[in-house]
Amino acid sequence: MQPDHDLKKKKKKIIIIFIHSEYAIYPNDLPLFPGVVKPVMAWYLEERWRGLSCGNYEYILVEKRGEKKNVGFIQLNRPKALNALCDGLMKEVGRALDTFEADGDVGAVVITGNEKAFAAGADIKEMQNRTFQECYGGNFLAHWNRVSTVKKPVIAAVNGFALGGGCELAMMCDIIYAGEKAQFGQPEILLGTIPGAGGTQRLTRAVGKSLAMEMVLTGDRISAQEAKQSGLVSKVYPVDQLVSEAIKCGEKIAGNSKLVSAMAKEAVNAAFELTLAEGNRLEKRLFHATFATDDRKEGMTAFVEKRKASFQDN
């Protein structure tokens, strides 16, 4: 939008109001800006999003994808280091996820790397000289877990290497799609250590004890096809189609009720933490809770009326 001279003055004043009120226009000021508040608010929020998504990241690329721009997209961007997961990169991933979590238009998030590497592991140079006291006292790697606590569904699109921390990052996501040349592994044993961001726990739950033990104790990798057969990966695609297919999945998820999707994700994740009886009780409570939502009513009404549901996320 190209504002005229008067609109620029009004815009400046409204932005000051935004800053002091955290996106709220003071009611008494509304009559002062007839026909201006809505376009300026849209402009301001768009500029704020552009600043958050594009201008403040060193190690990742962030944008919104899909026809309706309802899929958050995070690309790890340290190609010379095979997307090694340094502390700064993981903090940026957490910040980007926080931004998407707060964005009402976004219904799912895709995390990917490049065709050569999703992430080849943690940054070994960065952790090489750390002491036990530093690791234990500072709860080293604790902030990585932000990926697994996001309420919105997260899809990992894995091409190339997903090793060590890279494999752990993929497993923190809710769905893993793999390119046909992807490789997964937990080679920490070859460095004299063990996985520290969920590798021994999530891998065992995904592929079973025997294969997890083999991978963790030998450092051997498995292919995308083996990962799919073992249950680690849900689908395998040609390398050049992987990201677009992950975004399509994200769009399909984002087309459903975001509120109910969060409930469904909570229920499925609980299966890894609870007994069958406890999990069934949680599922029943969440199922009953959907009957307090407008989206449940809309979904069932649309089905009976043979039309497409229009969910409002409430």
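A salt bridge here is a side-chain nitrogen of Lys or Arg within 4 Å of a carboxyl oxygen of Asp or Glu. Asp87 and Lys91 form one, with their closest N and O atoms 3.1 Å apart. Both residues lie in helix α3, four residues apart, or about one turn of the helix. An α-helix has 3.6 residues a turn, so residues three or four places apart point the same way. The model is predicted.

Now step back to the whole chain. The protein has 314 residues, and 41% of them are buried. It holds 14 helices and ten strands. Take the contacts between residues at least 6 apart in sequence: 66% of these join residues at least 24 apart. The accessible surface comes to about 17700 Å². Carbon and sulfur atoms account for 55% of that surface.

The interior comes next. In soluble globular proteins, nonpolar side chains tend to be buried together. The largest nonpolar core in this model has 48 residues, and Phe184 and Leu232 touch the most other members. Helix α3 (residues 87-102) gives the largest share of this core, six residues. Look at Leu232 and its contacts. Leaving aside residues up to four places away in sequence, Leu232 touches Met171, Ile176, Phe184, Leu203, Ala206, Val207, Ile222 and Ala227. A second, separate core has 13 residues, including Val71, Val110, Tyr177 and Tyr237.

The buried residues of α8 are Gly199, Leu203 and Val207. They sit on the same side of α8, because they cover an arc of only 20° around the axis. Three helices pack against these buried residues: α7 (165-172), α9 (209-218) and α10 (224-230). Just after α8, Gly208 takes a positive phi of about 95°.

Leu191 has a relative accessible area of 56%, so it is exposed. Together with Ile124, Ile189 and Leu190, Leu191 makes a nonpolar surface patch of about 380 Å².

Back to charge. Side chains of opposite charge can pair when their charged atoms come close. The model has ten salt bridges. One of them joins Arg78 to Asp123, with the closest N and O atoms 3.1 Å apart. This pair links distant parts of the chain, 45 residues apart. Arg78 is in the loop between β2 (71-76) and α3, while Asp123 is in the loop between β4 (117-119) and α4 (124-127). Are these two partners buried or exposed? The cut-off for buried is under 20% relative accessible area. Arg78 is at 19%, so it counts as buried. Asp123 is at 13%, so it counts as buried too.

Another salt bridge joins the side chains of Lys258 and Asp313, at 3.1 Å from N to O. This pair also links distant parts of the chain, 55 residues apart. Lys258 belongs to helix α12 (residues 258-270), and Asp313 to the segment after α14 (294-304). Asp313 has a relative accessible area of 29%, so it is partly exposed. Elsewhere, salt bridges that share partners join Glu298, Glu305 and Arg307 into one network.

Notes: Residues are numbered from 1 along each chain as its sequence is written. This is a predicted model: local features need pLDDT of at least 70, side-chain atom pairs count only at pLDDT 80 or more; totals for chains, interfaces and linings use all residues. Side-chain values use heavy atoms; hydrogens and water are left out. A nonpolar core is a set of buried Ala, Val, Leu, Ile, Met, Phe, Trp, Tyr and Cys residues joined through side-chain atoms within 4.5 Å. Buried means under 20% relative accessible area, exposed over 50%, partly exposed in between (1.4 Å probe, protein chains only). Helices (H or I, at least four residues) and strands (E, at least two) are DSSP runs, numbered from the N terminus. Contact means heavy atoms within 4.5 Å. Patches are made of residues with over 30% relative accessible area and no salt bridge: like charges are joined within 9 Å, nonpolar side chains (Val, Leu, Ile, Met, Phe, Trp, Tyr) within 5 Å. Accessible areas come from the Shrake-Rupley method with a 1.4 Å probe; for residues, only the protein chains shown count as cover. The arc is that of the directions from the helix axis to the C-beta atoms.
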